[in-house]
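Please read the report below alongside the sequence and the 3D view. It takes up one topic under each heading.

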Amino acid sequence: MKGYGKKVGEMNIEIINIAICDDENLHRKKLIEVIQKYCKQHGKLAVISEYSSGEECLADLGDVEILFLDIDMEGIDGIEVKDRLESTHENVHIIFTTNYGNRMSEAFGMQVVSFIQKPVKLEELASAMDKVSKWDAERDFIELGGNGGKKNVFPTEQVCYIIANNQYSKIVLKKEEILIRKSLKAWEEELSDKGFCRIHQSVIINFFHAKEVDQKAIMDNDATFPVSIRRRKAVNQAYSEYIKNRLLQ
(Lines give C-alpha, C1' and ligand atoms only; values in the text may rest on other atoms or scores of the structure.)
Protein backbone atom coordinates (compact mmCIF):
# COMPACT_ATOMS: atom_id res chain seq x y z
CA MET A 1 0.00 0.00 0.00
CA LYS A 2 1.45 3.36 -0.98
CA GLY A 3 0.28 5.92 1.54
CA TYR A 4 -3.39 5.53 2.37
CA GLY A 5 -6.81 6.83 1.38
CA LYS A 6 -8.52 7.38 -1.95
CA LYS A 7 -9.20 10.67 -3.74
CA VAL A 8 -12.84 11.56 -4.43
CA GLY A 9 -13.57 13.22 -7.77
CA GLU A 10 -12.51 16.82 -8.25
CA MET A 11 -12.93 17.61 -4.56
CA ASN A 12 -9.52 16.21 -3.64
CA ILE A 13 -10.94 14.60 -0.50
CA GLU A 14 -9.33 11.42 0.76
CA ILE A 15 -11.57 8.64 2.00
CA ILE A 16 -9.87 6.52 4.65
CA ASN A 17 -11.31 3.15 5.62
CA ILE A 18 -10.77 2.82 9.37
CA ALA A 19 -11.75 0.17 11.91
CA ILE A 20 -11.77 0.46 15.70
CA CYS A 21 -11.61 -2.63 17.90
CA ASP A 22 -12.12 -1.91 21.60
CA ASP A 23 -14.34 -3.66 24.14
CA GLU A 24 -15.21 -0.34 25.83
CA ASN A 25 -17.94 1.57 24.01
CA LEU A 26 -16.96 4.89 25.60
CA HIS A 27 -13.40 4.64 24.26
CA ARG A 28 -14.67 3.79 20.78
CA LYS A 29 -16.97 6.82 20.71
CA LYS A 30 -14.26 9.17 21.98
CA LEU A 31 -11.81 7.85 19.42
CA ILE A 32 -14.34 8.37 16.63
CA GLU A 33 -14.74 12.00 17.73
CA VAL A 34 -10.97 12.54 17.60
CA ILE A 35 -10.67 10.85 14.19
CA GLN A 36 -13.46 13.05 12.82
CA LYS A 37 -11.76 16.18 14.17
CA TYR A 38 -8.51 15.11 12.53
CA CYS A 39 -10.24 14.44 9.21
CA LYS A 40 -12.02 17.80 9.28
CA GLN A 41 -8.73 19.62 9.84
CA HIS A 42 -6.94 17.71 7.07
CA GLY A 43 -9.62 17.57 4.38
CA LYS A 44 -10.21 13.85 4.70
CA LEU A 45 -13.28 11.67 5.15
CA ALA A 46 -13.22 8.59 7.36
CA VAL A 47 -15.44 5.55 6.87
CA ILE A 48 -15.32 3.92 10.30
CA SER A 49 -16.27 0.38 11.37
CA GLU A 50 -16.57 -0.57 15.05
CA TYR A 51 -15.86 -3.89 16.75
CA SER A 52 -16.49 -4.54 20.43
CA SER A 53 -14.28 -7.65 20.70
CA GLY A 54 -11.33 -9.36 19.09
CA GLU A 55 -13.59 -12.21 18.02
CA GLU A 56 -15.96 -9.83 16.22
CA CYS A 57 -13.07 -8.04 14.52
CA LEU A 58 -11.48 -11.24 13.22
CA ALA A 59 -14.80 -12.58 11.96
CA ASP A 60 -15.90 -9.47 10.10
CA LEU A 61 -12.93 -7.18 9.37
CA GLY A 62 -13.18 -6.01 5.78
CA ASP A 63 -10.78 -4.18 3.50
CA VAL A 64 -9.65 -1.47 5.91
CA GLU A 65 -6.49 0.58 5.74
CA ILE A 66 -6.05 1.46 9.41
CA LEU A 67 -7.08 -0.51 12.49
CA PHE A 68 -7.10 1.15 15.91
CA LEU A 69 -6.70 -1.87 18.16
CA ASP A 70 -7.01 -2.06 21.94
CA ILE A 71 -4.34 -4.28 23.49
CA ASP A 72 -6.21 -5.41 26.63
CA MET A 73 -9.61 -6.94 25.88
CA GLU A 74 -11.62 -9.80 27.30
CA GLY A 75 -11.40 -12.99 25.27
CA ILE A 76 -9.13 -12.57 22.24
CA ASP A 77 -6.92 -9.60 23.07
CA GLY A 78 -5.25 -7.16 20.71
CA ILE A 79 -1.97 -9.08 20.62
CA GLU A 80 -3.68 -12.20 19.29
CA VAL A 81 -5.76 -10.17 16.84
CA LYS A 82 -2.54 -8.62 15.51
CA ASP A 83 -0.89 -12.04 15.17
CA ARG A 84 -3.82 -13.51 13.24
CA LEU A 85 -4.19 -10.54 10.93
CA GLU A 86 -0.64 -11.03 9.68
CA SER A 87 -1.87 -13.96 7.60
CA THR A 88 -5.30 -12.62 6.60
CA HIS A 89 -4.98 -8.83 6.27
CA GLU A 90 -1.38 -8.11 5.33
CA ASN A 91 -2.04 -4.54 4.17
CA VAL A 92 -3.79 -3.15 7.23
CA HIS A 93 -1.82 -0.66 9.33
CA ILE A 94 -2.31 -1.25 13.06
CA ILE A 95 -2.27 1.54 15.64
CA PHE A 96 -2.47 0.12 19.16
CA THR A 97 -4.41 2.00 21.83
CA THR A 98 -3.85 1.12 25.46
CA ASN A 99 -4.13 2.26 29.07
CA TYR A 100 -0.92 0.44 29.94
CA GLY A 101 2.61 0.37 28.60
CA ASN A 102 3.79 -2.92 30.06
CA ARG A 103 2.69 -5.07 27.09
CA MET A 104 4.07 -2.94 24.28
CA SER A 105 7.08 -5.19 23.68
CA GLU A 106 4.60 -8.00 22.85
CA ALA A 107 2.74 -5.80 20.41
CA PHE A 108 5.42 -5.17 17.82
CA GLY A 109 4.75 -6.69 14.43
CA MET A 110 4.98 -6.27 10.69
CA GLN A 111 1.88 -4.10 10.49
CA VAL A 112 2.17 -2.17 13.76
CA VAL A 113 2.81 1.49 13.02
CA SER A 114 2.32 3.20 16.37
CA PHE A 115 1.07 3.09 19.96
CA ILE A 116 -1.28 5.66 21.51
CA GLN A 117 -2.17 6.02 25.16
CA LYS A 118 -5.84 6.33 26.13
CA PRO A 119 -7.63 8.65 26.17
CA VAL A 120 -6.46 9.45 22.65
CA LYS A 121 -5.50 13.08 22.11
CA LEU A 122 -5.79 14.81 18.74
CA GLU A 123 -2.06 15.60 18.56
CA GLU A 124 -1.09 11.97 19.20
CA LEU A 125 -3.59 10.68 16.66
CA ALA A 126 -2.29 13.14 14.04
CA SER A 127 1.26 11.94 14.68
CA ALA A 128 0.21 8.31 14.24
CA MET A 129 -1.68 9.09 11.04
CA ASP A 130 1.40 10.86 9.68
CA LYS A 131 3.42 7.71 10.35
CA VAL A 132 0.90 5.66 8.38
CA SER A 133 1.14 7.95 5.38
CA LYS A 134 4.95 7.80 5.44
CA TRP A 135 5.22 4.09 6.24
CA ASP A 136 5.88 2.78 2.75
CA ALA A 137 8.03 5.71 1.68
CA GLU A 138 10.43 5.06 4.56
CA ARG A 139 10.55 1.26 4.36
CA ASP A 140 13.90 -0.44 3.88
CA PHE A 141 14.21 -3.15 1.27
CA ILE A 142 16.52 -6.10 0.81
CA GLU A 143 17.46 -7.60 -2.54
CA LEU A 144 17.62 -11.38 -2.59
CA GLY A 145 18.72 -13.65 -5.40
CA GLY A 146 16.27 -16.11 -6.86
CA ASN A 147 16.10 -18.94 -9.35
CA GLY A 148 18.03 -18.37 -12.58
CA GLY A 149 19.72 -15.26 -11.25
CA LYS A 150 16.39 -13.45 -10.83
CA LYS A 151 16.45 -10.72 -8.18
CA ASN A 152 13.64 -10.49 -5.66
CA VAL A 153 13.16 -7.38 -3.54
CA PHE A 154 11.43 -7.62 -0.16
CA PRO A 155 10.75 -5.14 2.65
CA THR A 156 13.31 -5.90 5.37
CA GLU A 157 10.53 -6.52 7.90
CA GLN A 158 9.53 -9.63 5.93
CA VAL A 159 12.89 -11.24 6.75
CA CYS A 160 12.64 -13.14 10.04
CA TYR A 161 16.20 -14.44 10.34
CA ILE A 162 19.21 -15.65 8.34
CA ILE A 163 21.01 -18.93 9.00
CA ALA A 164 24.44 -19.96 7.74
CA ASN A 165 24.25 -23.01 5.45
CA ASN A 166 27.76 -24.03 4.34
CA GLN A 167 28.78 -21.44 1.71
CA TYR A 168 25.18 -20.29 1.50
CA SER A 169 22.77 -18.33 3.68
CA LYS A 170 19.20 -19.45 4.24
CA ILE A 171 16.93 -16.40 4.32
CA VAL A 172 13.75 -17.21 6.26
CA LEU A 173 10.85 -14.95 5.28
CA LYS A 174 7.34 -14.97 6.67
CA LYS A 175 6.08 -17.24 3.88
CA GLU A 176 9.10 -18.74 2.18
CA GLU A 177 12.80 -19.53 2.40
CA ILE A 178 15.51 -18.50 -0.05
CA LEU A 179 19.02 -19.95 -0.31
CA ILE A 180 21.70 -17.47 -1.39
CA ARG A 181 25.43 -17.80 -1.90
CA LYS A 182 26.46 -15.03 0.48
CA SER A 183 28.26 -15.12 3.81
CA LEU A 184 26.68 -14.27 7.13
CA LYS A 185 29.45 -11.71 7.66
CA ALA A 186 28.36 -9.90 4.48
CA TRP A 187 24.73 -9.89 5.63
CA GLU A 188 25.80 -8.64 9.07
CA GLU A 189 27.62 -5.67 7.54
CA GLU A 190 24.71 -4.89 5.21
CA LEU A 191 21.88 -5.15 7.75
CA SER A 192 23.32 -4.07 11.09
CA ASP A 193 21.67 -0.62 10.87
CA LYS A 194 18.28 -2.06 9.91
CA GLY A 195 17.39 -3.82 13.17
CA PHE A 196 19.25 -7.07 12.46
CA CYS A 197 21.75 -8.58 14.89
CA ARG A 198 24.11 -11.55 14.77
CA ILE A 199 23.36 -13.51 17.92
CA HIS A 200 25.42 -16.60 17.17
CA GLN A 201 28.16 -17.64 14.79
CA SER A 202 25.54 -19.05 12.43
CA VAL A 203 22.42 -16.90 13.05
CA ILE A 204 21.33 -13.33 12.35
CA ILE A 205 17.89 -12.34 13.62
CA ASN A 206 15.60 -9.46 12.77
CA PHE A 207 14.59 -7.82 16.07
CA PHE A 208 11.34 -6.88 14.30
CA HIS A 209 10.28 -10.53 14.66
CA ALA A 210 11.72 -11.24 18.11
CA LYS A 211 9.32 -11.96 20.96
CA GLU A 212 12.08 -12.34 23.53
CA VAL A 213 15.83 -11.86 23.56
CA ASP A 214 17.96 -12.88 26.54
CA GLN A 215 20.01 -16.06 26.78
CA LYS A 216 18.04 -17.21 23.78
CA ALA A 217 16.04 -15.48 21.08
CA ILE A 218 12.42 -16.52 20.59
CA MET A 219 10.96 -15.43 17.28
CA ASP A 220 7.32 -14.75 16.42
CA ASN A 221 7.13 -18.02 14.46
CA ASP A 222 8.35 -19.76 17.67
CA ALA A 223 11.76 -20.58 16.25
CA THR A 224 14.29 -20.42 19.10
CA PHE A 225 18.03 -19.77 18.87
CA PRO A 226 20.70 -19.59 21.58
CA VAL A 227 22.47 -16.27 22.08
CA SER A 228 26.17 -17.04 22.34
CA ILE A 229 27.80 -16.18 25.66
CA ARG A 230 30.44 -14.09 23.90
CA ARG A 231 27.82 -11.96 22.15
CA ARG A 232 25.13 -11.94 24.86
CA LYS A 233 25.85 -8.55 26.46
CA ALA A 234 26.08 -6.74 23.12
CA VAL A 235 22.98 -8.49 21.75
CA ASN A 236 20.88 -7.65 24.81
CA GLN A 237 22.02 -4.02 24.72
CA ALA A 238 21.19 -3.80 21.01
CA TYR A 239 17.76 -5.30 21.59
CA SER A 240 17.01 -2.92 24.47
CA GLU A 241 18.01 0.01 22.28
CA TYR A 242 15.82 -1.30 19.47
CA ILE A 243 12.79 -1.60 21.79
CA LYS A 244 13.39 1.89 23.17
CA ASN A 245 13.58 3.38 19.69
CA ARG A 246 10.40 1.61 18.59
CA LEU A 247 8.52 2.93 21.62
CA LEU A 248 9.69 6.46 20.91
CA GLN A 249 8.70 6.41 17.23
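## Strand pairing and the sheet

Strand E15 (residues 216-219) and E16 run antiparallel and are joined by three bridges. Two strands are said to pair if DSSP finds at least two bridges between them. Helices (H or I, at least four residues) and strands (E, at least two) are DSSP runs, numbered from the N terminus. One of the bridges involves Lys216, whose partner in E16 is Pro226.

The open sheet here has three strands in the order E14-E15-E16, with antiparallel pairing. E14 and strand E16 (224-226) are at the edges with a single partner strand each, so one side of each has no neighbour in the sheet. From one strand to the next the twist averages 15°; the axes behind such angles are lines fitted to C-alpha atoms, for helices over the stretch in contact, and angles run from 0 to 180 degrees between N-to-C directions.

## Basis of the model

This is a predicted model, in which local features need pLDDT of at least 70 and side-chain atom pairs count only at pLDDT 80 or more, while totals for chains, interfaces and linings use all residues. Residues are numbered from 1 along each chain as its sequence is written, and side-chain values use heavy atoms, with hydrogens and water left out.

## Loops and backbone

Asp222 is found in the loop between E15 and E16. Its phi is positive, about 75°, although Asp222 is not a glycine. With 54% relative accessibility, Asp222 counts as exposed (buried means under 20% relative accessible area, exposed over 50%, partly exposed in between, with a 1.4 Å probe and protein chains only).

Asn166, in the loop between strand E9 (159-165) and strand E10 (168-173), also is not a glycine and has a positive phi, near 55°. Asn166 is exposed, at a relative accessible area of 73%. In the loop between strand E6 (112-117) and helix H4 (122-134) lies Pro119; the peptide bond from Lys118 to Pro119 is cis, with omega near -10°.

## Aromatic rings and charges

There are four aromatic pairs in the structure. Rings of Phe, Tyr and Trp (its six-membered ring) pair if their centres lie within 6.5 Å; planes under 30 degrees apart count as stacked, over 60 as edge-to-face and the rest as tilted. Phe207 and Tyr242 make a tilted pair, 5.6 Å centre to centre with 45° between the planes. This pair links distant parts of the chain, 35 residues apart: Phe207 is in the loop between strand E13 (203-206) and strand E14 (210-213), and Tyr242 is in helix H6 (residues 232-248).

Two rings have a charged residue over the face (NZ of Lys or CZ of Arg within 6 Å of the ring centre and within 35 degrees of the ring normal). Lys182 lies over Trp187, at 3.7 Å from the ring centre, and Arg181 lies over Tyr168, at 5.5 Å.

## Nonpolar cores

A nonpolar core is a set of buried Ala, Val, Leu, Ile, Met, Phe, Trp, Tyr and Cys residues joined through side-chain atoms within 4.5 Å. The largest has 41 residues, of which Leu67, Tyr161, Ile205 and Phe225 touch the most other members. H6 gives the most to this core, with four residues. Apart from it lies another core of 20 residues, including Ile35, Ile95, Val113 and Ala126.

Beyond its neighbours within four places in sequence, Ile205 is in contact (heavy atoms within 4.5 Å) with residues including Tyr161, Val213, Ala217, Met219 and Phe225.
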